[in-house]
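Open the model in your viewer and keep the selection tool at hand. Each stop gives a selection and what to look for there.

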Amino acid sequence: MSSSHIRITISVCLAILLIGYAFVSNSSPYVTINEAKKTKGENLHLAGDLVDGSFENLPSKKAYAFRLKDMDGNTIPVLYTGEQPANMTNVNKIVAVGKMESDYFLAHKLLIKCPSKYESEEKQDVSIAPSVSYPLDANAAAKTGDSNGR
Amino acid sequence: MDDKNPAFTFPLASDFSIIVGNLGKSFIYCAIISFILTSVLAFLHRNRDAEDRSSTRFSRIFFILGCLSLVGSIISLGILFFTDQFQYDYVFKHSELGLELWYRVAAIWSGQQGSFLLWGVCTGIVGLVSIRSVGPYYFPYIISYSLFLAAISGILAYESPFAVNDVHGKIYVPPTGTGLEPSLMNYWMVIHPPTIFFGFAMLTILYSWSIAVISTGNYKDWLAPVRIYAISTLTILGLGLCMGGFWAYETLGWGGFWAWDPVENSSFVPWCFTAAFLHGIFIQNRTGKWQIRNVALSGLTLVSFLFGTFLTRSGVLSEASMHSFATMDRMALKLLIALMAVCGTALGLGLIVAARRKNKETPQEEKGSSRLRFHYNRENAYSFGILLLSLVGVACAIGMSVPLIKAIIGDSIAIVEAEVYEKILVWLYIPLIVAIGVAPHLSWNHDSLKSIIGKVWNTFSLSIGLVGCIFIVANHPTWGFKLDLDAFIEIYGDYGIYLVPVVMTVAGIGIFAIVSNISFIISKLRTNPAGIGGYLTHVGLVTLLVGLIFSKAFECKAKAYVQEGKPGAALGYIFNYLGMSEGLYERNNMVLLEVVGNNQHFQARPQLYYTREIGKEPSPFTWPFVYHKPTYDVYFTIGAGVYEATDATTFKKGDDKLFERMMIVYKGMSKEGEAGKIGTKFTAHVEVKTASGTKNYHPKIEIGESGLVFHPERVDENLLLYLQSMDAADYSANLQLFYIKPVYPMEVYIKPLTIFVWIGTGIMTLGGLWSAGYRVLQRRRLMAEKKLFVS
């Protein structure tokens, strides 16, 4: 290898290291509720489970509110200012992206993980697989969705 | 035995369906055995003449058998889908009774197992085509290729789409399945996966060539055939990536074409390496240099893709991707990791051996002369471009690996936002586009800087003029797209730079590259029209990038709320709700909106419907609507109808609250019956004051047999007042107003110059096809003249 080749190789390696450093240092961390309270940043990713029945519409704030339970078992109110994502009623895993306010988490983006249509993580027990109820009472379901949420 | 299990009422599966499923499964085992036998036979015969058909016959037969088995397997799966065999777990979870024909096709590859099968089938098909042109490289090539296919088939044996649900040894057929994911019921799902998987499949060709070249030490004869595959791979993969972008933009409502999602990146990284490799071939063809580097780039295409596949399918990025994949079978995942490790290690070790061998073969005086001298010539421009393309690939690979890197160093998981990718990659984009613009003006020898400037000066001047034209169009009252001249990008603290000049400069560099390549194409049309494909591809690529930059950087966005009889407004448009096209539970239902403003009058039809899943509450599903104008798109997303007019608010006696133009005053509570007993009613007495006068309302809660029954009061033609709850201790009441006609929240975007993205994709694909077609014809002509090896 000539010296110019060595120089180019070193430069490329330095460029890759620099790029790597830029990505890692500018990445947005996934935090727990306790970590979110200690971390500054506009793009904190707070991952957790949606607390059943906690999702509500806040027309006065043009926002949605719900409670999120993180992996440590702590819960926090989340105020989400974007549009209601499709499939919200079937969601359980949510990543709220935003920042920590005094006593709640203000999210501007939600990443939704909806497992309903994808295979479950564990293999389904074949003895219960066909026991799904048929047929669906479409009219009853329709009423639930079209009513005013009550 | 659980006789109450409803499965026992279902009909038993027919023999035909069981035979088809078993056949599909057997085809996969047949493929594994065939590919292993192919590689064993090829290894045993490796010292024979590769261009003598009799010495390659048996390995070739088993290879063809293996590939046809994979095709047979996907046909079997297709039959299961088309004949509604819901006893098969994969069919049950991805299809349903009455699913439209094309969505059944899409359903075949809509899940983890089916997409692996599609990958295997595509790899088999392109493998059958490719082995016809490998000539003296036949044995190492087919060993590498068939071992790869054996591994994919092995993964399929564990990640099988033919798993059947049996109850105590009997197979019952459920009447329907759970259906295809709504977002996948789209024509893009029919055409995008096969396109991109053909692109992925062709990466195996490039990898196997690299292994074959290392094994044979013949760095020359592979260039002509591999060039055609490199061009085809680049074109098909590029088209597949663009299709994914259009799908995200038009249907999924991600709000843009590209989100730097790990799944997108895992396809984009091999595209970068393939583009780098293709330019490496040009250098080697012309100068004889870049022999080892080209082998490395050719192999890296597949290795980088396998790495991306591992990241996205293994669950490592499960929190970090908008795509959702089921967790893989553990054994299948181990096989995938082993495949990635073996491919990477084989390439790495092979390259070390090849480099040492090459070093020994090179005479001492040539080594001394290999010192780099900087010249302004096309070779250096290509080398520079290859370096930048590779760096873009490496950067994206690092970006999507950040969660893994963080996990390895013991930090909490973190992901890289799209903005970070854009801020970092723009530093590579600018010199890369400059290189694309300048390269056509360079000769393969040496040019002086002065002569280059002389050549590009006219192009540069014309580009500045075009940027000015775009600026004028952008501010035109009819065609313009509302440039925000005060928009500011913060760089550090309060310091920053205005957005418009930055974007115009970055896009202007792209326009310079487009004009430069077009002018070169025009000059070539007279002398060598067959050779314009590459330049056409450059024009398409840069046009696409310029479109992406404009549409993202100058995007305007606003929220609006629309209700029957109450128009919404945003970005100079007024939206009138006209109604639903079909009904909220019809999959093709659209919300019809009359849009007036900005000298336009049209109907917007964003889609909204409620899914009806077995055992679940209906859930809203929306698709955006895009109104295409020549200079910009008006992009609408709509949310599910909202009925709540106010928050549920607790009033104490005498409290009042203003809502829109009415004052709500809580006067007190009365009770009929005994607390806690069925039939007891609690009534809130509410006074509502409006400009037209004061009225009293009395919403109630009644204790019914199966819970609380609400009796709201109608306040006006569109509002209901509910008593939600009350506190018997202090007689406070929780009141809430609901709309009778729902309010639909909307997001409206103006996305400038997205037409460039579409045109760019078309030109890029055309350029690729032109190049590949020209090379194929040229090669056939040479073969007819027996100037090339014929296997």
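Start with chain B as a whole. This is a predicted model. Among contacts in chain B between residues at least 6 apart in sequence, 69% link residues at least 24 apart. Now colour by secondary structure: chain B has 18 helices and 23 strands. Of its 791 residues, 57% count as buried. Chain B exposes about 33,800 Å², and carbon and sulfur atoms supply 61% of that.

**Stop one: inside**

Select A107(B). This residue sits in helix α4, residues 101-108 of chain B. Is A107(B) buried or exposed? Its relative accessible area is 0%, under the 20% cut-off, so A107(B) is buried. Next, show its contacts. Leaving out residues up to four places away in sequence, A107(B) touches F81(B), Y90(B), H94(B), L99(B) and L180(B). C-alpha to C-alpha, A107(B) and M189(B) are 8.6 Å apart in space, yet 82 residues apart in sequence.

**Stop two: a nonpolar patch**

Select Y376(B), L449(B), I453(B), W457(B), F460(B) and I464(B). Together they form a nonpolar patch on the surface, with about 590 Å² of accessible area. Zoom in on F460(B), which lies in helix α15, residues 449-474 of chain B. Its relative accessibility is 39%, between the 20% and 50% cut-offs, so F460(B) counts as partly exposed.

**Stop three: a negative patch**

Select D49(B), E51(B), D52(B) and D221(B). These residues form a negative surface patch. Finish on D49(B). Its place is the loop between α1 (15-44) and α2 (53-82) of chain B.

Definitions and conventions: Residues numbered from 1 in each chain as written. Chains lettered and ligands numbered in written order. Predicted model: local features only at pLDDT ≥ 70, side-chain atom pairs only at ≥ 80, totals over all residues. Heavy atoms only, no water. Patch = residues over 30% accessible without salt bridge, like charges linked within 9 Å, V, L, I, M, F, W, Y side chains within 5 Å. Areas by Shrake-Rupley, 256 points an atom, 1.4 Å probe, with all protein chains shown as cover. Salt bridge = Lys/Arg side-chain N within 4 Å of Asp/Glu carboxyl O. Helix = DSSP H or I, 4+ residues; strand = E, 2+ residues; numbered from the N terminus. Buried < 20%, exposed > 50% of the residue type's maximum accessible area, 1.4 Å probe, protein only. Lys, Arg positive; Asp, Glu negative; His and termini not counted. Charge placed at Lys NZ, Arg CZ, Asp CG, Glu CD. Contact = heavy atoms within 4.5 Å.
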